[in-house]
Amino acid sequence: MLKFILSLIFLLTISFSWSQVSQQEKLEQRKAEILREIREKEEQLQNVQSKEKTVTKQLVLQTEKIKLKEKLIKTTEKQTKLLSNDMYINQININRLKRELVLLKEDYANMIVKSYKSRSEQSRAMFLLSSENFLQAYKRAQYMKQYASYRKVQGEEIKNKTRELEGYNEKISVQKTEKQKLLEENQKEKQS
């Protein structure tokens, strides 16, 4: 019986030590598993932190991009305003030139009509020959030269004003096109 008890104690000791060894192995396995999970979590945390840094950088970049777009929009609005001012000034010049051109053309037309009427009533030669003395004839000849040169000057002035008016019209047309492009760009920037 003693052998039986000793055998039983021996078996119990072996089984107990075996159970301890198996529990230790299980704990070691569990520890290794936990360490592996910790490493995975750390990697995930680093990924998340790098992603957060990336997201933070992206947020900063997007904020800077928004500020730059706002500056671009403001600049475009300023350009549009300046163009509008230039267009207004050019339109004022166009209106002024049109009025001057109308007056010049009326004066020129009246001068031509008077010249035609006076030509039919009396000729140049009669005008000169009807003078009382040589000095008066000379002054009349000078007057006719001045009158002819004035007509030429007035005709040239009409041509110049017409060219200037055409220049302003072309300029305002280009400015309208530029303004339209700027407004379209501004709308695109506001939408994006």
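Residues are numbered from 1 along each chain as its sequence is written. In this predicted model, local features need pLDDT of at least 70 and side-chain atom pairs count only at pLDDT 80 or more, whereas totals for chains, interfaces and linings use all residues, and side-chain values use heavy atoms, with hydrogens and water left out.

The chain contains three helices and zero strands, where helices (H or I, at least four residues) and strands (E, at least two) are DSSP runs numbered from the N terminus; the order of the elements from the N terminus is α-α-α. Of the 192 residues, 14% count as buried, the term buried denoting under 20% relative accessible area, exposed over 50%, and partly exposed the range in between (1.4 Å probe, protein chains only). The accessible surface of the chain, about 16,400 Å², belongs for 58% to carbon and sulfur atoms, as computed by the Shrake-Rupley method with a 1.4 Å probe, only the protein chains shown counting as cover for residues. Among contacts (heavy atoms within 4.5 Å) with a separation of 6 or more, 84% involve residues 24 or more positions apart.

Residues up to four places away in sequence being excluded, Ile 158 touches Leu 101, Leu 104, Lys 105 and Tyr 108.

Lys 161 lies in helix α3 and counts as buried because its relative accessibility is 16%; beyond its neighbours within four places in sequence, Lys 161 is in contact with Leu 97, Glu 100, Leu 101 and Leu 104. Arg 140, placed in helix α3 (residues 134-191), is likewise buried yet has no salt bridge, the nearest side chain of opposite charge, Glu 132, being 6.6 Å away. A salt bridge requires a side-chain nitrogen of Lys or Arg within 4 Å of a carboxyl oxygen of Asp or Glu, and for charge Lys and Arg count as positive, Asp and Glu as negative, with His and the chain ends not counted. With residues up to four places away in sequence not counted, Arg 140 touches Phe 127, Leu 128, Ser 130 and Ser 131.
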